[in-house]
Amino acid sequence: MTANEAFRPYTLVAELTYRCPLRCAYCSNPVGYEPAKGDLDTEAWKRVFREAEELGVVQVHLSGGEPLLRDDLPSLVATARELGLYTNLITSAIGLTRSRLSGLSTAGLDAVQISVQGTAEAHAERIAGRACLREKLEAARVVRDAGLPLTINVVLHRENIDDVPALVALARDLGASRLELANTQYLGWALENRGALLPSREQIERAREHAARARKENEGRMEVLFVLPDYYSGVPRACMDGWGRRYIVVSPDGLVLPCHLAHTLPGLSFESVRDQPLERLWRDGSGMNAFRGEAWMPAPCRDCDRRAVDFGGCRCQAYHLAGSAGLTDPACRLSAHHELVTKAAERAGGPEQAGAEAEKRPSNLITLRYRTFRHGGLSQ
């Protein structure tokens, strides 16, 4: 059995569009994105869903950007339901009105995940690029009233990590069944803003303690997850459960990817579902096979006991920090480039950051320039 035959995908991340009404400073979408070909149309996405189900996929994350900016979203949800796929809407909640959710629920939507940037409007606005907290809270109540499972997702960073107790209380008051406290992965726009966003080790430890208490206090009512940042753990994350093992990401223009930013890696080729069936691209795509299995691994990964746990870590982080996707993830303490991570963490260690990155204060965040949408609303 070859490496590409051994891996069965179970989740499709359908990035329906990169367009979004927000400009979050930690966004994982590619910094240099240029909408050349445009988003896949309705029929193309329906074909992707059918081919994904035939491959063994059982759930679809409808993501972006902001998937609510597509008028065909109910039709896409209905197709997924017909195929028996579990559908999870990952949304900023801007535009998630009662009537809009009713249509999606009727079409067969199974769950909703809403991002929240903070518990105070000013905080949230500084990170998201617009006032949005009230809309998000109202949308969360709409989801609760509709009886759909609600996940509140909070990307943690220097600006909001000290608010974990308040974030837990907010999620509980909103009736969330799940709260994800996910420390920022410093890629894409988050890497551009790392100097302003990376918390100190002390902040991380306090937040972890708060989250652990909240997990016990809310057991049976609300699941509380706390995702540690690999900048402080000394071991890398198993990014997307390993390269091309369990997740298929399809970009807005149809590229089949192992993760959200794989197409930013030079020297790799990823083809589009516009041109090839999904199964062929999953199994035989050169980019998809580039870092499958263990044959590609350098030392120390190839002899490490964790190689089947973290799979060498994040290929995108290896490239964007150390210059090559084939290196050990610098987040690993055994990496020859681990100093790139530890020095960044040291600069985040006090109330005032040292060095050149100190100039990137939260009020001066680099924000996304390409995200636009028609004020008339929800266009494809």
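Me: Buried means under 20% relative accessible area, exposed over 50%, and partly exposed in between (1.4 Å probe, protein chains only). So what does Asp241 count as?

Reply: Partly exposed, at 27% relative accessibility. This is a predicted model, where local features need pLDDT of at least 70 and side-chain atom pairs pLDDT 80 or more, while totals for chains, interfaces and linings use all residues. Residues are numbered from 1 along each chain as its sequence is written, and side-chain values use heavy atoms, leaving out hydrogens and water.

Me: Which side chain does Asp241 meet in a salt bridge?

Reply: Arg245, at 3.6 Å, N to O. A salt bridge here is a side-chain nitrogen of Lys or Arg within 4 Å of a carboxyl oxygen of Asp or Glu. Arg245 is buried, at 17%.

Me: Which residues do shared partners join into one network?

Reply: Arg98, Glu138, Arg141, Arg144 and Asp145.

Me: How many salt bridges in the whole structure?

Reply: The search finds 19.

Me: New topic. Where do Glu51 and Arg47 sit?

Reply: Both are in helix 2, residues 42-55. Helices are DSSP runs of H or I with at least four residues, strands are E runs of at least two, and both are numbered from the N terminus.

Me: Is Glu51 buried or exposed?

Reply: Buried, at 17%. Arg47 is partly exposed, at 24%.

Me: And what about Glu223 and Arg178?

Reply: Their side chains meet in a salt bridge at 3.1 Å, N to O. Glu223 is in strand 7 (residues 223-227) and Arg178 in strand 6 (residues 178-183), so the pair ties together parts 45 residues apart in sequence.
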